[in-house]
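Q: Can you walk me through this one? I have it open and would like to know where to start.

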Amino acid sequence: MGSALLALTGTACLAAGGGAKTPAAIDIRDPYLLQWSDLTYDKAPPAPVPGVDYGMRPDGSFQAPKATPLGSSPNFPGQIEGWDDKSYSLNVEPIAFYPNVSSPFHAWVEVADFDGRRFMYVHDRDYIRVLDVTDPARATVVYSEGGVWGPDGSSEKWDAKTVQNYWGGLTFAWSQSLGKMVAVASYEIGRYGLLENKRTQPEQVAALRNYNSLKGFKVYEMNGPLPSDWKLIATRTTDRVNPQAPIGEQQGSGALDAVAWNGGKYMFLSAAPDDAHALTEYPDYLHSPGYQVWDMSDPADPEFVTQITVPGQVVGDAASEAAFLMNPRAGNRTSWMGSRMAPFLPKPVEAGGTIAFGAMGGLGLYSFDISNPDKPAILGHVNTPPSFAGTEFDNADVSQFARTGYVFANGYPMNSNCYEPYKDILVIDARAPSELKVAAKFPRPTPPAEAGFKDYCQRKGSFGPKRSGTNQPGHGRDGLVAYAFYNAGLQLFDVSNPLEPKIAGYYVPRFPTEAEMPEYTFENGSFAAFVEYDRNIIWLFSVNGVHALSSSLLGGPKSGLPGELWPPRTTH
């Protein structure tokens, strides 16, 4: 009775992201969303007042809001006028800048070596660019598909509601069984331009349930460096209710971001297997993704192995709903709950790896025993007090785990102008993987003295960590990690002692001008970093292009191929 009444007559003051702004009718018709909605009362955060509830303190430091809705991000008193046209650097030197390579919103990045050349693949749903980066100072675009951005926006109009085929997150690996390079492309429900509030837009919810593109992944033989050389050899849906369901009838989320696979037997990915994985507060997303394991012994015939689901993800399951209700985020209409990336493996299963870490948003960080990948088991779990809007536990960096037993985990901002709590990079003590605990935090970047402002929040745009990158050539560097930090550019951290991280270097590029890009893109700043550890090259992706950088902290940059091919021609 309560659900029916809510679906027909309920009203509330809702913004697109759940905050109190403009009245909109609650209209929930989807059965899974009704079950989710029935569990809680509305605890959406109110919109804090700039300069009152958050803003600059008299000492020049920034007081973050305690909680915010997802969405509109007002300016606050004390921000600088206009967009900062200066760049700042410490222990980082520019090599080259390549404008208009990616979109100003997102970039997945991979590299592969073919015929004595190194190629970089920069892509998102509406574009893919392939660059020959053999000489990072003279990179050239050798393949381009989709819109190219400039001052008037994209050269091609792209409708998220009608797209049917795109390059999702790509992972490259050498398949010993095929004796050639293989690409796995993830395909998921689109996250932007389709839905604003799942409690008020039943038609859009229904369209996503019957999404017009694959929910799953595709596998390609890479018979050359260009996508035009590739051959499709397998297509799979991550729907475990009906694995034979055609497009338009598939349940679940599809495969999020890029899969974790090194060419061996086992592949891991992020996915909700059905529509009952619905216990998430995020306003424009329908699923709480867990993880899947697939057998890739024959890349042309991938076989599903198992699903990993943690407590608090599934509607209609009493134990899962109870765990969800114990989470202080339940009802806030804001928090992402579930995975966004594949599990993070310090060592591949084929090389003797037995541990994986899963960053699961507001559900926290999990450790899994994967010594028997057919039956993974939860080992440990840690969570923190809520920090919303923005995402929590999105990324985990395991590059220092073998050396130290510590893992770094972070969420990232989804609102601009620091209109949300700051997202710390957390140092997780995982020396005993069954007893995870927060041991320290990374320092919060601050501007250099010559910047003329005290805090990066004053620079406008988003501020906070994004990701440190996965599947990077050379894998990582002991004692050093690199993060894209939005309006704080690239930040390099000395983690030789993981309990005392230090800022060791940075490169903060100027904002573009309106002669280069539309102003509405500026706030995204620098949103991705990719490091060629085998050539000591850092690639920083900003709204107006990609920066090739070097740092004395890594060593001298190298041109050409470094010796060992990437990806490695072995699964170990």
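A: One term to begin with: two strands pair if DSSP finds at least two bridges between them. Also, this is a predicted model.

Q: Okay, which residue stands opposite threonine 391?

A: Tyrosine 412, in β25, stands opposite threonine 391.

Q: How many bridges join β24 to β25?
A: Four. The two strands run antiparallel, and β25 covers residues 406-412.

Q: What is the strand order in that sheet?
A: The order is β24-β25-β26-β27. The sheet is open, has four strands and pairs them antiparallel.

Q: Which strands stand at the edges?
A: β24 (391-397) and β27 (437-441). Each has a single partner strand, so one side of each lacks a neighbour in the sheet.

Q: And what does the twist average?
A: From one strand to the next, 35 degrees.

Q: New topic. Where does lysine 466 lie?
A: In the loop between β27 and β28, with β28 at 480-484.

Q: Is lysine 466 buried or exposed?
A: Buried, and without a salt bridge. Aspartate 394 is the nearest side chain of opposite charge, 6.8 Å away. A salt bridge would need the charged atoms within 4 Å.

Q: What does lysine 466 touch?
A: Leaving out residues up to four places away in sequence, its contacts include Tyr412, Asn410, Asn395 and His106. Ala484, Tyr486 and Phe527 are also among them.

Q: What pLDDT does the chain average?
A: The average is 94, and 96% of the residues score at least 70. Over residues 1-20, though, the pLDDT is below 50. That stretch still has 47 contacts in the model beyond near neighbours in sequence. Where pLDDT is low, the predicted coordinates should not be read in detail.

Note on methods:
Residues are numbered from 1 along each chain as its sequence is written. This is a predicted model: local features need pLDDT of at least 70, side-chain atom pairs count only at pLDDT 80 or more; totals for chains, interfaces and linings use all residues. Side-chain values use heavy atoms; hydrogens and water are left out. Axes are lines fitted to C-alpha atoms, for helices over the stretch in contact, and angles run from 0 to 180 degrees between N-to-C directions. Buried means under 20% relative accessible area, exposed over 50%, partly exposed in between (1.4 Å probe, protein chains only). Lys and Arg count as positive and Asp and Glu as negative; His and the chain ends are not counted. Contact means heavy atoms within 4.5 Å. pLDDT is the predictor's confidence in each residue, from 0 to 100.
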